[in-house]
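Open the model in your viewer and keep the selection tool at hand. We will go stop by stop.

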Amino acid sequence: MVELLESPGASVAATRRQARSLESVPGFRGETRYASPGSLGDVCVVTYQFLNDEIVAFVEQGSEVRLVRRLTSRDAFASLMRRLDAQWRRFEDPSLAARQQSHILAATQDLLQRLHLALVAPLGILDEPGVLFVPVGAIANVPFGALHDGTCYLIERMPVAIAPSRRAAEFAAGATRRGRHRLVMGISDEHTRHIHVEAASISEVEPEATVLLDEAAGTAALLEHAAEHDILHIASHGIERPDNPLFGALRFSDRWLTAAEITGAALDGQAIVLSACSSGTQFSAGSEDELIGLPRAFLAAGASAVVVNLWQVDDSSAADLMATFHRELETASVAVALRSAQIQAMERRPHPYWWAAATVVGALTDDQEMT
C-alpha cells in the first residue's frame, strides 16, 4: 500500500488487486492498517482512490496507515457535487441570492454536511492539528475546508490543504522558503475592478513589495522577478481547458501563459497565490489518478504551495479575503494564514460561496509553527 500512497499514477487495476487481497484476510471489516511511508512528519494525510464504483481512503496518522473502505459510491458523490455546483450558480443573480440568502445557506450547508459524512466523518481525523488531502479525479474539486459536520466547518477545526499526490506533497514540504518578500502582478479590466484595490492592500502589508499592474504585468516580468521573491501574487483571469488541461492558462498583459509553459519554469520554493476565477480546477488526463491543471503546473515548476479558487469568485469579496490573508501570512504558514482569513470572512458573509473557494494546494506547513 505504500506504493499506492507514493505514486500519483497508481493504477485502478493494481488497487483492485490489493483490495481483493485484503478482503481475503479473516476479520476484514473495511479498515486495514499498514506502516507509514513517513517523510511528512506529523501531518495527517488522507489519500482517496476509486475502486470500481466505490471511494476508499488511506489515512496516514503518525507511523500508521489505515485503509477505510466503502465511504460512498462514485455516482452518489457525483450527484452531490452537481448539486453543490448548482448552489454556487445561484449567486450569478445577486438580487435573487440576497432575497433567498437564508434558504440558500441552509441548502448549501446540507450538501456540505452530506459530503462531510461521505468523505471525512468515517476517517476519525477531526482531532488532528491539520490534514493534507490527496484527492483523485473530481474529488480534487471538493472544498474540503467548507465541509460541515453539523456543528462547524472543517476549516474552523484545523488548517487543510490538498496535493495532487503524496510525493508532490513531500517535494513541496521540502521546498518552502522562509522569507515573505512579495511580487504582486495584476491585470484589470471592466470585470475585475478590484484588482488595483487588492494590490494596494497587499502593499500596505509589505510596503517593499514589487507591484506590477496592467501593462507592466507581462510574462517576461514574471520570469524576470520571480526568483528574487518568496510569494508571487497574481490577480488576473484564468481559463479552464477540460479537453486539454495543459492549455489551461492565466492572462498576463501581453498574452496567456499556459499550464504547460508554467511547468517548465524554474521556481525555488515560492508560494504562489492565484487570485483568479476557477484557477484551482483540475482535470484528469488519460488516467483518473493523474490530475493536471494550473496548481500542479506550479508545483512541478518548484513552488511549495499554490493558493487557488475552485469556482467563479466575487471580485470584491476575493479582494477582501486576500488582504486579510496577506496580513496573516506575516506570521503564519500559507495554510494557517488562509484558514484565519476564511474564518474572519465567514463572520462578515456566512455563506461559503464568499470565502470557501480559496484552497491551498501543496505543503500544509512551512517553517512557521502550525496552530
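At what angle do the axes of helix H8 and helix H12 cross, and within what distance do they come? Select residues 195-205 for H8 and residues 315-328 for H12. The crossing is at roughly 15 degrees, and the axes come within 9 Å. Angles under 35 degrees count as roughly parallel. H8 and H12 are therefore roughly parallel to each other. Their crossing is right-handed.

Now show the side chains at this contact. From H8, pick Glu-198, Ser-201, Ile-202 and Val-205. From H12, pick Ala-319, Met-322, Ala-323, His-326 and Arg-327. Colour them by class: five are nonpolar, two polar and two charged.

**Next stop: H3 and H5**

Select residues 74-89 for helix H3 and residues 101-119 for helix H5. This model is a predicted one, and here it packs the two helices at an angle of about 155 degrees. Their axes are 10 Å apart. Over 145 degrees counts as roughly antiparallel. H3 and H5 are therefore roughly antiparallel to each other. The crossing of this pair is left-handed.

Which residues of H3 meet H5? Select Phe-77, Leu-80, Met-81, Arg-83, Leu-84, Gln-87 and Trp-88 on the H3 side. On the H5 side, the partners include Ile-104, Ala-107, Thr-108 and Asp-110. Leu-111, Leu-112, Arg-114, Leu-115 and Leu-119 of H5 also take part. By class, the contact of H3 with H5 has 11 nonpolar, two polar and three charged residues.

**Next stop: a sheet**

Select strands E10, E11 and E12. They form an open sheet of three strands in the order E10-E11-E12, with antiparallel pairing. Which strands stand at the edges? They are E10 (238-239) and E12 (256-258). Each has a single partner strand, so one side of each is left without a neighbour in the sheet. Now zoom in on E10 and E11 (residues 249-251), which pair over two bridges. Click Ile-239: its bridge partner in E11 is Ala-249.

**Last stop: confidence**

Colour the chain by pLDDT. The average is 85, and 84% of the residues score at least 70. Which element has the lowest mean pLDDT, and which the highest? Helix H1 (residues 2-6) has the lowest, at 39, and helix H6 (residues 154-157) the highest, at 98. Select residues 1-12: pLDDT is below 50 there, and the stretch has 31 contacts beyond near neighbours in sequence. Then select residues 22-29. Here pLDDT stays under 50, and the model has 10 contacts beyond four places in sequence.

Methods
Residues numbered from 1 in each chain as written. Predicted model: local features only at pLDDT ≥ 70, side-chain atom pairs only at ≥ 80, totals over all residues. Heavy atoms only, no water. Axes fitted to C-alpha atoms, helices over the stretch in contact; angles between N-to-C directions. Helix = DSSP H or I, 4+ residues; strand = E, 2+ residues; numbered from the N terminus. Parallel < 35°, antiparallel > 145°, perpendicular 65-115°, else oblique. Left-handed = near helix turned anticlockwise from the far one by under 90°. Contact = heavy atoms within 4.5 Å. Nonpolar A, V, L, I, M, F, W, Y, C, P; charged D, E, K, R; others polar. pLDDT = per-residue confidence, 0-100. Pairing = 2+ DSSP bridges.
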